[in-house]
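Me: I have a structure open and would like to learn how to read its features one by one. Could you walk me through it?

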Amino acid sequence: MLKWIAAQLVGRAEKRIGVELDYARKISQTDIRLFMRYGKIFAFLAPNRNVPPDAYHTARLRGAISADCGTCVEAEINLAQAAGVSGEIINAVLGTSYSDLPDSLRAVAELADAVTAAHTDAADAREKIISAYGEAGLIEICFALNGAALLPGIKRSMGYATVCNLDTLRKLA
């Protein structure tokens with residue numbers, strides 16, 4: 001019965017984010033306790049109470065891009081669109097030149113790239129984020145960018161990740 005419920009939850013999530021969650025389905029059918037632990041990751045990512053949707057989804061998009069998982073980036077594009085983030089912002093975030101982004105979003109993208117892709121610090125970007133969104137906003141952005149980079153690692157480890165083609169994904173925005 002619990003596995004059936006888990007399958008229903010995965011199905012609803014797939015409809016909500018617009019991508020197949022075959023790896024989540026595998027987790028749910030293998031061990032319900034592991035699936036419940038996996039669900040805690042989404043609970044960790046889901047709250048967005050301290051920053052506007054464009055900043056939150058900029059962080060998530062750049063985190064997923066750094067992990068180079070096509071379906072994860074596609075899911076993040078779908079979630080950003082559902083949250084009302086404009087196609088122009090999404091396309092700018094999908095690119096590597098952030099000149100079309102407002103300063104606060106540029107700082108979010110730069111911090112995400114530094115932390116998840118380059119594994120370095122970005123003190124200037126962090127200060128701009130604190131100035132724009134406060135300490136709580138910084139923490140929420142940190143959760144978003146690192147959490148979005150974590151999920152592709154789980155998928156890749158299980159053999160389910162797909163390589164990212166940003167040109168194809170830009171067409172979704």
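Me: What share of the 173 residues in the protein is buried?

Reply: This is a predicted model, and in it buried residues make up 45% of the 173 residues.

Me: What does the radius of gyration say about the overall form?

Reply: With 173 residues, a compact globule would have a radius of gyration near 16 Å, and the protein agrees because its own value is 16 Å. Along the principal axes, the C-alpha atoms fill a box of roughly 50 × 35 × 30 Å. As for contacts with a separation of 6 or more, 67% of them involve residues 24 or more positions apart.

Me: How many helices and strands does the secondary structure have?

Reply: There are nine helices and zero strands. Read along the sequence, the pattern is α-α-α-α-α-α-α-α-α.

Me: Which residues touch the most other members of the largest nonpolar core?

Reply: That core has 52 residues, and those touching the most other members are Y38, L101, I129, Y133 and I141. Helices 1 to 8 each supply at least two residues of this core. Helix 8 gives the most, with nine residues. To see one member up close, take I129: leaving aside neighbours within four places in sequence, I129 is in contact with A107, V108, L111, G134, L138 and I141.

Me: How many salt bridges does a search of the whole structure find?

Reply: The search finds six. Another of them joins R60 and E76, whose closest N and O atoms are 2.7 Å apart. R60 lies in helix 4 (residues 53–66) and E76 in helix 5 (residues 70–82), so this pair ties together parts that are 16 residues apart in sequence. R60 and E76 are both buried.

There is also a salt bridge between the side chains of R25 and E14, at 2.6 Å from N to O. Since R25 belongs to helix 2 and E14 to helix 1 (residues 2–17), the pair ties together parts that are eleven residues apart in sequence. Here R25 is partly exposed, with a relative accessible area of 29%, whereas E14 is buried at 16%.

Me: How many aromatic pairs does the whole structure hold?

Reply: A pair of aromatic rings is described by the distance of the centres and the angle of the planes. The search finds two pairs. One of them, Y23 with Y38, is edge-to-face, with 5.7 Å centre to centre and 90° between the planes. Y23 lies in helix 2 (residues 22–30) and Y38 in helix 3 (residues 32–45), so the pair ties together parts that are 15 residues apart in sequence. Y23 is buried at 3% relative accessible area, and Y38 is buried at 6%. Ring pairs link Y23, F35 and Y38 into a cluster.

Me: Last, the cysteines. How many disulfides are counted?

Reply: A disulfide is a covalent bond between the sulfur atoms of two cysteines. Here the count comes to zero. C142 is in no disulfide, and the nearest cysteine sulfur, that of C72, is 20 Å away. C72 is buried, with a relative accessible area of 9%, while C142 counts as partly exposed at 27%.

Definitions and conventions
Residues numbered from 1 in each chain as written. Predicted model: local features only at pLDDT ≥ 70, side-chain atom pairs only at ≥ 80, totals over all residues. Heavy atoms only, no water. Phe/Tyr/Trp six-rings, centres within 6.5 Å; stacked < 30°, edge-to-face > 60°. Helix = DSSP H or I, 4+ residues; strand = E, 2+ residues; numbered from the N terminus. Buried < 20%, exposed > 50% of the residue type's maximum accessible area, 1.4 Å probe, protein only. Salt bridge = Lys/Arg side-chain N within 4 Å of Asp/Glu carboxyl O. Core = buried A, V, L, I, M, F, W, Y, C linked by side-chain atoms within 4.5 Å. Contact = heavy atoms within 4.5 Å. Disulfide = S-S within 2.5 Å. Rg over C-alpha atoms; globule rule 2.2 N^0.38 Å.
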